[in-house]
Amino acid sequence: MPYEGDNMTGLRRNNRSACLYALHRQGSMSRKRLAETLKLTPAAVSIITGELIGQGLLREGPLVAEGRAGRREILLEPAPRAGWAAGVVINVGQAILSAVWLDGTVIFSEEAVLPTAADAEETVRTLSGRLSALWTDHGLDLKRAVGLGIAIRGVTSPDGRSVRRSFGALDGSDYPICQRFEAYTGLRAVLANNVRALFAAQLFLARDEEVTSQFFLRCEYGIGAAFAIGGQIWRGDSGQCAEIGHIPAVRRGGKPCSCGKTGCLETIASPAAICEDARAILSPDRTPVLWAQSGGRPEKVTAEDVLDAAQNGDAGAAAVVEGAIRALAAALRSVIYLLDPGKIVLYGRMFDHPYYLAHLQAEVREGLDAGHNVPLQPSVYNHMLENRAAGLLAVTDFFDRGGVL
């Protein structure tokens, strides 16, 4: 929660925000327990929760026994359907339009095809129109909309309002995407890089507070990452913290990367790179299992096919996979020693494959000392965040503002 100084408006907002987050994490609490948790006076909690109940954001639940005397207290619960948020995810060639309730439950989700390097203004206008039609079709009350979250591939501006560079998703650079979506939809817009948006959704849904820092690794077409301290995602001075996919992995002669450099980790260890390297050696002699699986057709080879072939004894496929794993594991060991995260969360279809996951975990552990035994585990929300992440950006912004529409 951002700090605004010791003024009454900022203090009131921060206290309302703290109540919303505490009840989101716990599910239900009495006023007494809430006051103890937030270190506020019972009177202050009564005033704040009274306001939130009046808005419909909280509701009173059952009576429960509290304390040694067995005094019965009324539980307070969140009212997730008191508001909703819209979301737009923009990737290369694809957009996802969605809406979620305040607890992240999906109301609707629809994919749209986009051209590569799509015209930014035309894309925003078209997506806004379709999003408006969807929320109308689902009978959502626009007065209860808490905002619009935008998650996009690439680099966003420090003020979180513009896309500096989207690496092929939209044309041009420094496009004021929040201002333009606001003009078309009438909703307050918030923006984040797509990987940070996924991680923010992970943090919100997992209600995970037992570790002080987490590193989030996404491995889909490419490789992306984000880092959080105390539940807050760290952007870095230029807004590009944790760009692990673009760590130089090949000093000279590496393959071109979408970022414009050569030899990035993404060009070796990503699913796309694994496919490309396996297709380059596809033959009955070098990759016999993969050859049989694909019928000798390179265009049919997927990253999962390469993993399956490696698992089934294909030496050529195994060499490709092992090279990718070694490069990624080396980068993750650097992360562990530099940042000392409480855990590393893995997100993406690659981590569903037992062969890949087991080999990556073993390779990361190789060379680490006993003091850096960092859990390296797939997200419990693997494949479940794409249609929630953008909307939850707006929900968390709403909570940060103290639940003020």
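Searching the whole structure turns up 16 salt bridges. Keep in mind that this is a predicted model.

**Salt bridges**

- Let's begin with Arg-16, which forms a salt bridge with Glu-51; their closest N and O atoms are 3.0 Å apart.
- Arg-16 sits in helix H1 (residues 8-26) and Glu-51 in helix H3 (residues 42-55), so this pair ties together parts that are 35 residues apart in sequence.
- Another salt bridge links the side chains of Arg-33 and Glu-36, at 3.1 Å from N to O.
- These two are both in helix H2 (residues 31-38), and because they are three residues apart there, about one helical turn separates Arg-33 from Glu-36.
- Arg-33 counts as partly exposed at 40% relative accessibility, and Glu-36 is partly exposed too, with a relative accessible area of 44%.
- Then there's Arg-188, which forms a salt bridge with Asp-397, with 2.8 Å between the closest N and O atoms.
- Which parts does that pair tie together? Arg-188 is in the loop between H5 and E10, and Asp-397 is in helix H13 (residues 389-400), so the parts being tied together are 209 residues apart in sequence.
- Arg-188 counts as partly exposed, at 42% relative accessibility, whereas Asp-397 counts as buried, at 15%.
- Some salt bridges share partners, and in this way Arg-12, Arg-16 and Glu-51 are joined into one network.

**The five-stranded sheet**

- There's an open sheet of five strands, in the order E6-E5-E4-E7-E10, and its pairing is mixed.
- Which strands stand at the edges? They are E6 (106-113) and E10 (189-193); each has a single partner strand, so one side of each is left without a neighbour in the sheet.
- From one strand to the next, the twist averages 15 degrees.
- Helix H5 (residues 177-185) lies across E4, E7 and E10, and runs at about 140 degrees to E7.

**A closer look at strand E4**

- Strand E4 (residues 84-91) pairs with strand E7 (residues 145-152) in the parallel sense, over seven bridges.
- How many of E4's residues are buried? Eight of its eight are, so to speak, tucked in: the strand is mostly covered.
- In a regular strand, side chains alternate between the two faces of the sheet.
- Both faces of E4 are covered, with Trp-84, Ala-86, Val-88 and Ile-90 buried on one side, and Ala-85, Gly-87, Val-89 and Asn-91 buried on the other.

**Nonpolar cores**

- The largest nonpolar core has 51 residues, and the members that touch the most others are Leu-34 and Val-395.
- Helix H6 (residues 194-206) supplies the largest share of this core, with nine residues.
- What does Val-395 touch? Leaving aside residues up to four places away in sequence, the contacts are Ala-85, Val-100, Trp-101, Leu-102, Val-146 and Phe-204.

**Cysteines**

- How many disulfides are there? Zero, in a search of the whole structure.
- A disulfide is a covalent bond between the sulfur atoms of two cysteines.
- Take Cys-241: the closest cysteine sulfur to its own is in Cys-264, 17 Å away, and that's too far for a bond.
- Cys-19, for its part, counts as buried, at 0% relative accessibility.

Conventions:
Residues numbered from 1 in each chain as written. Predicted model: local features only at pLDDT ≥ 70, side-chain atom pairs only at ≥ 80, totals over all residues. Heavy atoms only, no water. Core = buried A, V, L, I, M, F, W, Y, C linked by side-chain atoms within 4.5 Å. Buried < 20%, exposed > 50% of the residue type's maximum accessible area, 1.4 Å probe, protein only. Helix = DSSP H or I, 4+ residues; strand = E, 2+ residues; numbered from the N terminus. Contact = heavy atoms within 4.5 Å. Disulfide = S-S within 2.5 Å. Pairing = 2+ DSSP bridges. Axes fitted to C-alpha atoms, helices over the stretch in contact; angles between N-to-C directions. Salt bridge = Lys/Arg side-chain N within 4 Å of Asp/Glu carboxyl O.
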